[in-house]
Amino acid sequence: MDLTNPLVYGVPCFIAFILLEITYSKTHGDDHLYVWKDLFASGFMGVGSAIIGPLFKVIFAIVLFDYTYELFNPMVDGVRTNIMGYESFSYAWYVWLLCQLADDFTYYWFHRANHEVRILWAAHIVHHSSDNFNLGTAVRNGWFTILYKPLFYMWMPALGFPPEMVVVCLGIEALWQFQLHSVYVPKMGWIEKVFNTHTMHQVHHAQNVEYLDKNHGGFLNIFDKIFGTWKELDDDIDVKYGVIHSPDSYNPIVILTHEFKDIWKDVKKVKKFSHKLMYIFGPPGWSHDGSTMTVKQQQRLYREQKLKNPEMAYSRPN
């Protein structure tokens with residue numbers, strides 16, 4: 001079946017909606033929503049992803065996904081059959097729904113891993129490094145995530161989903177993720193019960209300690225609710241976007257590489273091999289001497305302080 005990645009049509013829409021949001025914000029008194037230098041930095045990284053992405057997607061889609069699909073779904077008497085004995089999946093409408101659900105499940109764990117494994121966070125922090133939350137931030141993507149993201153999805157063609165179906169579902173997921181980056185869409189009632197929405201994604205991009213590492217979902221919020229990472233936007237909390245340790249630069253190269261440099265500095269300062277590994281593969285904020293704290297440690301301290309004195313402002317330890 002000959003299918004086209006929906007992102008081919010999505011890119012012109014991205015540009016159009018960013019321009020529309022800029023116009024709306026400037027004509028409705030929200031001049032703070034877009035900072036030009038920040039937008040240009042995001043745009044540069046978005047263009048880079050658009051150039052680099054297809055090159056690696058071709059390699060992974062044709063070589064990795066196809067090889068995996070062929071290996072686990074050989075032809076048996078003229079019928080594509082999974083090694084577990086059932087006929088590999090067709091292009092029926094319900095298979096598309098199952099594939100999209102499998103994609104959403106995979107996206108949740110891929111996204112969560114990007115926040116909980118420091119070397120992956122070093123690649124993903126690019127997307128969170130802006131202090132602004134807008135559609136321009138949606139295209140602020142790290143270039144290094146392209147290298148390992150397909151590895152999380154290999155199980156899908158192995159299970160029997162056609163490689164081109166997996167690629168299309170990945171593209172549809174990316175389209176949904178783009179439009180989530182807007183402050184102009186309010187809470188949407190019953191839709192919030194099932195789907196990952198704009199206000200939930202505001203929580204995800206916030207650096208408020210109670211919001212850190214929440215709402216990793218793609219289309220749905222069900223996996224966040226099942227695995228304990230869902231949090232609703234609290235209208236009484238003043239949201240602060242961005243990351244705790246900002247690169248403090250509009251230089252795209254600095255934004256793309258600053259966390260890798262910090263990892264290298266941390267690795268060099270310790271002698272114990274296990275400590276070196278933790279600075280690379282442990283959670284962001286981990287330290288061998290307690291000088292910095294992980295998100296879970298910060299949130300535990302936050303809860304303890306609130307229990308002792310609810311009126312006291314939380315003082316961030318890092």
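The model is predicted, so local features need pLDDT of at least 70, side-chain atom pairs count only at pLDDT 80 or more, and totals for chains, interfaces and linings use all residues. Residues are numbered from 1 along each chain, and side-chain values use heavy atoms, without hydrogens and water.

**The H11 and H12 pair**
- The axes of H11 and H12 (residues 273–281) come within 9 Å and cross at roughly 170°.
- Axes are lines fitted to C-alpha atoms over the stretch in contact, with angles from 0 to 180 degrees between N-to-C directions.
- H11 and H12 are therefore roughly antiparallel (angles over 145 degrees).
- Ile263, Asp266, Val267 and Lys268 of H11 meet Lys276, Tyr279 and Ile280 of H12 (heavy atoms within 4.5 Å).
- This contact has 4 nonpolar, no polar and 3 charged residues; Asp, Glu, Lys and Arg count as charged, Ala, Val, Leu, Ile, Met, Phe, Trp, Tyr, Cys and Pro as nonpolar, and the others as polar.

**The second largest pocket**
- About 580 Å³ of space lies in this pocket (an open set of points on a 1 Å grid where a 1.4 Å probe fits, with protein on both sides within 12 Å along at least five of seven lines).
- Its lining has 31 residues, each with an atom within 4 Å of a point.
- Trp121, His245, Glu259, Pro284 and Gly285 lie nearest the centre.
- H4 (118–128) supplies the largest share of the lining, 4 residues.
- By class, the lining has 12 nonpolar, 13 polar and 6 charged residues.

Notes
Grid points are joined across faces, edges and corners, and a volume is the space filled by probe spheres set on the points. Helices (H or I, at least four residues) and strands (E, at least two) are DSSP runs, numbered from the N terminus. Angles under 35 degrees count as roughly parallel, over 145 as roughly antiparallel, 65 to 115 as roughly perpendicular and the rest as oblique.
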